[in-house]
Amino acid sequence: MCVNDLVVQGAEPLFFLDYFASGRLDVETGTAIVQGIAVGCREAGCALIGGETAEMPGMYAGDDYDLAGFAVGAVERGQAITGEAVGVGDVILGLASTGVHSNGYSLVRRIVEASGLAYDAPAPFARGESLGAVLLAPTRIYVKSCLAAARTGRLKALAHITGGGLVENVPRVLPETCGAEFDASAWSLPPVFRWLMQEGGVANDEMARVFNCGIGMVAVVGAEDAKDVEALLSEGGERVHRVGRIVAQRSGRPRCVIANMETAWRG
């Protein structure tokens with residue numbers, strides 16, 4: 001489990017274990033990977049306590065390798081964030097992502113292939129950086145800022161925007177009687193997503209379903225608490241936008257609606 005998926009329940013990550021498998025262990029590659037995991041664990045405030053390294057000749061070709069891992073966290077009984085308190089009129093805060101994060105890469109690879117660009121080519125939308133470096137920008141870890149906000153007792157729900165985007169992840173943390181309305185003009189679509197959309201001819205709805213589109217974490221708070229929680233998250237280093245509100249769910253209506261995508265993302 002990702003540490004960002006722990007914090008949405010109000011849990012503090014305690015430790016992380018990794019699994020690294022390859023046909024033949026390349027020490028330099030393995031060392032770099034573990035160093036990267038350690039950096040992420042420090043950012044999340046959890047311990048990297050070990051893991052598994054496996055060499056399986058015949059299972060992996062060339063320099064291919066498989067990497068997985070999971071984190072364990074804890075939250076005091078009765079203090080978990082469940083979303084049960086979410087109600088009509090609550091404010092939705094969006095925390096900016098650092099890029100594509102870890103989802104949608106099947107589509108990303110197809111778009112890059114169709115573009116004819118190499119991954120080490122200059123990114124058309126980011127001066128001084130390669131396309132591959134921008135596409136592989138590390139996922140932001142929201143643990144410390146969100147835990148600080150959770151400890152105030154003012155967070156009603158948190159949703160980590162992974163595969164499924166806003167439209168599929170946000171409804172998971174809402175009561176059945178509630179829906180979410182987003183305004184795409186409330187934040188700027190990052191250049192990497194604008195390039196993927198235009199280069200790949202990706203429709204608005206597909207963008208919102210596959211990618212985070214610049215919002216990596218969503219927090220739902222009461223309207224009376226929105227200003228204070230927004231300030232606290234900003235003090236924790238987040239770029240925060242008021243991106244929407246909670247509405248009454250009507251029969252036949254999608255649980256999550258994003259307005260103004262055409263004008264905000266393609267204008």
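Visitor: What do buried, exposed and partly exposed mean here?
Guide: Relative accessible area decides, with a 1.4 Å probe and protein chains only. Under 20% is buried and over 50% is exposed. What lies in between is partly exposed.

Visitor: What kind of model is this?
Guide: Residues are numbered from 1 along each chain as its sequence is written, and side-chain values use heavy atoms, leaving out hydrogens and water. Local features need pLDDT of at least 70, side-chain atom pairs count only at pLDDT 80 or more, totals for chains, interfaces and linings use all residues, and the model is predicted.

Visitor: Is asparagine 260 buried, partly exposed or exposed?
Guide: Asparagine 260 sits in the loop between strand 9 (256-259) and helix 10 (261-266); helices (H or I, at least four residues) and strands (E, at least two) are DSSP runs, numbered from the N terminus. Its phi is positive, near 65 degrees, though it is not a glycine. Its relative accessibility is 40%, so asparagine 260 counts as partly exposed.

Visitor: Is histidine 101 buried or exposed?
Guide: Histidine 101 is in the loop between strand 4 (91-96) and helix 3 (105-115). It is not a glycine, yet its phi is positive, about 60 degrees. Its relative accessibility is 5%, so histidine 101 counts as buried.

Visitor: Which residues does glycine 163 touch, not counting those up to four places away in sequence?
Guide: Glycine 163 lies in the loop between strand 5 (155-160) and helix 6 (165-169). At 30% relative accessibility, it counts as partly exposed. Contact means heavy atoms within 4.5 Å. With that cut-off, glycine 163 touches Asn103, Asn169, Arg172 and Arg209.
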